[in-house]
Amino acid sequence: MPGTTVIRNADWVVAFEDGRHVYKKNADVAFADGVVTHIGRVDHAADTEIDGAGRLIMPGLVNIHSHPTSEAMNKGFLDELGSPKLYMSSLYEFMPLFRPDEEGRRACVEVTYSELLQSGVTTLVDLSIPFEGWLDLMAQSGLRVVAAPMYRSARWYTRNGHVVDYEWVDDGGRAVMDEALAYVDAAVAHPCGRLSGMVAPAQIDTCTGDLIADSFAAAQERGLTMQIHAAQSIVEFHEITRRHGKTPVEWLDDLGVLRAGAVIGHGIFLNDHPWVHWPQADDFATLKASGTAVAHCPTVFQRRGITMNTVGRYIRNGIPVGVGTDTYPHNMLEELRNALTNSRVISGDPFDLRTSDIFNAATIGGAAILGREDIGRLAPGAKADIVSVDITDRAMMPVRDPLRSLIYVAAERAVRDVYIGGEQVVKDGVALAFDIPDALSRLQAAQRRAEEQFARLDFAGRTHDEASPYTFAVR
């Protein structure tokens with residue numbers, strides 16, 4: 001068969017049959033022209049033969065919430081930093097001050113895309129402020145990217161570390177929305193064929209109601225999804241209840257956008273979260289009935305002592321849940337591990353969330369949220385987005401259940417090869433699109449430049465090492 005590749009005699013394959021993932025042992029996986037053609041036993045020779053011995057073959061992961069243009073540079077700075085007078089969030093006091101310049105932003109993107117690929121991500125929702133060359137970097141990466149250019153009506157800031165203020169633009173954000181929609185349309189039309197778009201008003205507290213409603217209408221007109229950060233912090237919860245007398249979920253519902261086709265980034269602080277005392281609402285029932293999806297990103301919140309209550313509960317009740325990395329480490333497999341652990345800790349129940357639940361959320365769940373049935377699964381006709389894991393890696397051994405070994409222990413260390421649309425994008429554990437050592441060197445330099453400007457931007461005039469002290473004294 002011309003143009004056919006066969007991964008021959010893989011020890012384990014996560015195949016998709018009868019609407020669910022199943023394990024197949026000692027199976028072949030064939031693909032051609034960018035799609036999977038057969039899973040099982042392939043008796044004929046192929047143009048390209050790959051030895052699958054000692055490998056787990058699984059579908060590529062679908063990451064529905066990530067910020068590649070800035071977060072990679074925050075490593076070593078935000079790990080143990082929160083605002084004590086703003087409910088331990090770092091969103092308002094620190095993140096606006098530690099930011100990359102243009103060169104640093106490109107380095108962030110190259111590093112992030114590479115790290116995501118190396119952890120098995122093949123489809124990514126990139127929530128970024130658009131910049132020149134952004135779509136071309138997406139295309140160069142080899143990833144299947146959903147461009148989600150963020151825009152808003154106001155910026156947040158603090159003048160004292162305990163009150164968040166908002167600076168509103170005169171047009172309510174209409175001009176930046178129009179610019180963002182032009183990027184979305186350009187992504188959909190990009191000649192590489194791997195880009196698509198999402199409408200992304202940035203945060204519920206930085207957008208007017210009109211901008212949010214118009215954004216959802218624009219998404220519906222284009223047949224796309226809309227994603228907005230909401231119920232992500234106590235500050236935001238109180239801000240929305242102060243403005244509108246409603247919880248964030250209630251206000252989105254009143255705006256008519258809490259429906260299928262919308263995604264809430266994070267969705268943690270519903271009225272029944274133990275940190276919130278707002279007993280007269282029923283956000284969980286409202287969310288459950290709406291068809292709205294939630295992007296769950298546990299790692300960034302667990303650093304602040306925050307977690308959802310609980311993602312197992314959301315999934316069991318039929319709320320569409322996908323998984324995102326949001327921030328560094330841009331490691332989807334560690335994100336799955338943290339989702340499992342946090343859900344059990346907050347519930348006190350080791351059965352609150354199972355490996356199958358979170359793997360489904362990171363594959364077919366994310367695909368469904370994006371309106372796709374051809375990714376997040378290995379089945380004939382699906383895209384050949386394939387991850388090959390070395391089950392002989394010492395972190396995978398002994399192997400009884402390979403996905404558990406991968407998620408709970410080995411993570412990206414055991415990922416060897418990744419294919420997107422049948423094209424290899426990771427080889428022997430290294431992403432191929434970018435010069436990673438060079439990107440890391442540029443990122444290091446950008447972090448030093450960001451440190452230099454920190455005190456100039458900070459309301460209190462602190463230096464970066466005063467705001468985020470080193471683990472030990474530097475002598």
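Is Asp28 buried or exposed? With a relative accessibility of 0%, Asp28 counts as buried (buried is under 20% relative accessible area, exposed is over 50%, and partly exposed is in between, using a 1.4 Å probe and protein chains only). The model here is predicted, so local features need a pLDDT of at least 70 and side-chain atom pairs count only at pLDDT 80 or more, while totals for chains, interfaces and linings use all residues. Residues are numbered from 1 along each chain as its sequence is written, and side-chain values use heavy atoms, with hydrogens and water left out.

Now for the salt bridges. The structure holds 26 of them (a side-chain nitrogen of Lys or Arg within 4 Å of a carboxyl oxygen of Asp or Glu). In one, the side chain of Asp28 meets that of Arg8 at 3.4 Å, N to O. This pair links distant parts of the chain, with Asp28 in strand 2 (residues 20-32) and Arg8 in strand 1 (residues 4-17), 20 residues apart (helices, H or I with at least four residues, and strands, E with at least two, are DSSP runs numbered from the N terminus).

Another salt bridge joins Arg313 and Asp272 at 2.8 Å, N to O. Arg313 sits in helix 9 (residues 311-316) and Asp272 in the loop between strand 14 and helix 7, so this pair ties together parts that are 41 residues apart in sequence. Arg313 is buried, with a relative accessible area of 17%, whereas Asp272 is partly exposed at 34%. As for networks, salt bridges that share partners join Arg8, Asp28, Arg41 and Glu49 into one.

Next come the rings. A search of the whole structure turns up 10 aromatic pairs (rings of Phe, Tyr and Trp, the last by its six-membered ring, pair if their centres lie within 6.5 Å; planes under 30 degrees apart count as stacked, over 60 as edge-to-face and the rest as tilted). Phe237 and Trp278 have ring centres 6.1 Å apart and planes at 85°, so they make an edge-to-face pair. Phe237 belongs to helix 5 (residues 234-244), while Trp278 lies 41 residues away, in the loop between strand 14 (262-266) and helix 7 (283-290). Phe237 is buried at 1% relative accessible area, but Trp278 is partly exposed at 28%. Elsewhere, ring pairs link Phe77, Phe98 and Phe454 into a cluster.

Finally, there is Gly376, found in the loop between helix 11 (355-369) and strand 17 (386-390). Gly376 is buried, with a relative accessible area of 4%.
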